[in-house]
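Here's a walk through one chain, from the fold down to single side chains. Have the viewer open as you read.

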Amino acid sequence: GEQQEGLCSEEERQAGKCQAHQAPEEALPKCGSCYGAEDPQKGIKCCDTCEDVQRAYREKKWKWVGNPQVEQCKGLPEAGVAQASQKQPNGGEGATCESHQGCGQCLANGCAWCIGTRRCAKDEPWMCQGEDDHIGRIGTHKQCPSRQERDAKRNKRLQEEATARDEESARLLASGAASADAAGEGMHEARKRAAQKLRERQEEELEKIRQESGQQDAEG
């Protein structure tokens with residue numbers, strides 16, 4: 001049959017004419033596809049190996065499509081892909097701790113859960129608000145709280161909030177009562193002063209009447 005283009009016959013190889021029919025190695029494409037996950041800003045332009053494609057997918061936080069769908073990964077076991085995807089969950093290249101939702105999923109992927117902010121972070125020091133806020137390998141808490149523990153903590157928080165509201169209400173009532181007492185005392189003093197002035201005016205009038213009566217008696 002006809003010889004396929006790019007292939008050499010035995011006679012051509014012996015005659016040294018094979019290179020005329022083969023593309024030089026330098027002309028072969030050197031940039032493998034990342035299957036849409038290219039990101040030049042992160043330096044991901046080409047994916048020449050299976051690990052390159054996996055890394056690009058992790059950076060995009062995309063779900064892995066499976067080895068048979070990727071030319072660079074064909075023939076590799078899927079277990080290898082899963083292992084590679086979780087190779088460095090604690091801050092290694094391609095780690096996506098921030099994408100996990102919930103404490104259980106977060107710890108299952110080798111990350112840490114921050115209690116106060118309710119977010120997943122790398123299991124490294126000072127990623128949360130101190131050790132007591134950090135659930136993970138380095139934090140005070142090593143496991144996610146159970147439902148009973150969460151309910152108990154929630155009830156305690158609600159009770160503390162209710163107690164704080166009651167104390168604030170009592171403080172406001174006491175403050176209002178004190179203000180009312182002060183206002184009452186002021187009114188009482190004002191009434192006393194008014195009564196005193198009234199008595200003084202009455203005494204003055206009586207004194208005038210007595211003086212006028214005395215003068216009339218003297219004239220009579």
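Where is the place of Tyr-35? Tyr-35 sits in the loop between helix H1 (10–15) and H2. Although Tyr-35 is not a glycine, its phi is positive, about 60°. Its relative accessibility is 31%, so Tyr-35 counts as partly exposed; here buried means under 20% relative accessible area, exposed over 50%, and partly exposed in between (1.4 Å probe, protein chains only).

Some ground rules before going on. This is a predicted model, where local features need pLDDT of at least 70 and side-chain atom pairs count only at pLDDT 80 or more, while totals for chains, interfaces and linings use all residues. Residues are numbered from 1 along each chain as its sequence is written, and side-chain values use heavy atoms, with hydrogens and water left out.

**The overall picture**

The chain has 5 helices and 3 strands, taken as DSSP runs numbered from the N terminus (helices are H or I with at least four residues, strands are E with at least two). Reading from the N terminus, the order is α-α-α-α-β-β-β-α. Of the 220 residues, 19% count as buried. Take the contacts between residues at least 6 apart in sequence: 23% of them join residues at least 24 apart, a contact being heavy atoms within 4.5 Å.

**Around Tyr-57**

The largest nonpolar core has 10 residues: Cys-34, Ala-37, Ile-44, Cys-47, Cys-50, Val-53, Ala-56, Tyr-57, Val-70 and Cys-73. Such a core is a set of buried Ala, Val, Leu, Ile, Met, Phe, Trp, Tyr and Cys residues joined through side-chain atoms within 4.5 Å. Apart from it lies another core, of 7 residues, including Cys-103, Cys-106, Trp-113 and Ile-135.

Leaving aside neighbours within four places in sequence, Tyr-57 touches Cys-34, Tyr-35, Ala-37, Trp-62, Lys-63, Trp-64 and Val-65. Helix H2 (residues 50–60) has Cys-50, Val-53, Gln-54, Arg-55, Ala-56, Tyr-57 and Arg-58 as its buried residues. After H2 comes Lys-61, with a positive phi near 60°.

How many aromatic pairs does a search of the whole structure find? The search turns up 1 aromatic pair. Tyr-57 and Trp-62 form it edge-to-face, at 5.4 Å centre to centre and 85° between the planes. The rule pairs rings of Phe, Tyr and Trp (its six-membered ring) if their centres lie within 6.5 Å; planes under 30 degrees apart count as stacked, over 60 as edge-to-face and the rest as tilted. Trp-62 has 40% relative accessibility, so it counts as partly exposed.

**The sheet**

The 3 strands form an open, antiparallel sheet in the order E2-E1-E3. E2 and strand E3 (134–135) are at the edges, each with a single partner strand, so one side of each has no neighbour in the sheet. E1 and E3 pair over 2 bridges, and strands count as paired if DSSP finds at least two bridges between them. Trp-113 has Ile-135 in E3 as its bridge partner.

Between strand E1 (112–114) and strand E2 (119–121), Arg-118 lies in the loop. Arg-118 is not a glycine, yet its phi is positive, about 50°. At 61% relative accessibility, Arg-118 counts as exposed.

**Salt bridges**

The count comes to 5 salt bridges, each a side-chain nitrogen of Lys or Arg within 4 Å of a carboxyl oxygen of Asp or Glu. Among them are these:

| Salt bridge | N to O distance |
|---|---|
| Arg-58 and Glu-51 | 2.9 Å |
| Arg-137 and Asp-123 | 3.8 Å |
| Arg-171 and Glu-168 | 2.7 Å |

Arg-137 is exposed at 55%, whereas Asp-123 is buried at 4% relative accessibility. Arg-58 counts as buried at 12%, and Glu-51 as partly exposed at 36%. Arg-171 and Glu-168 both lie in helix H5, 3 residues apart, about one turn of the helix.
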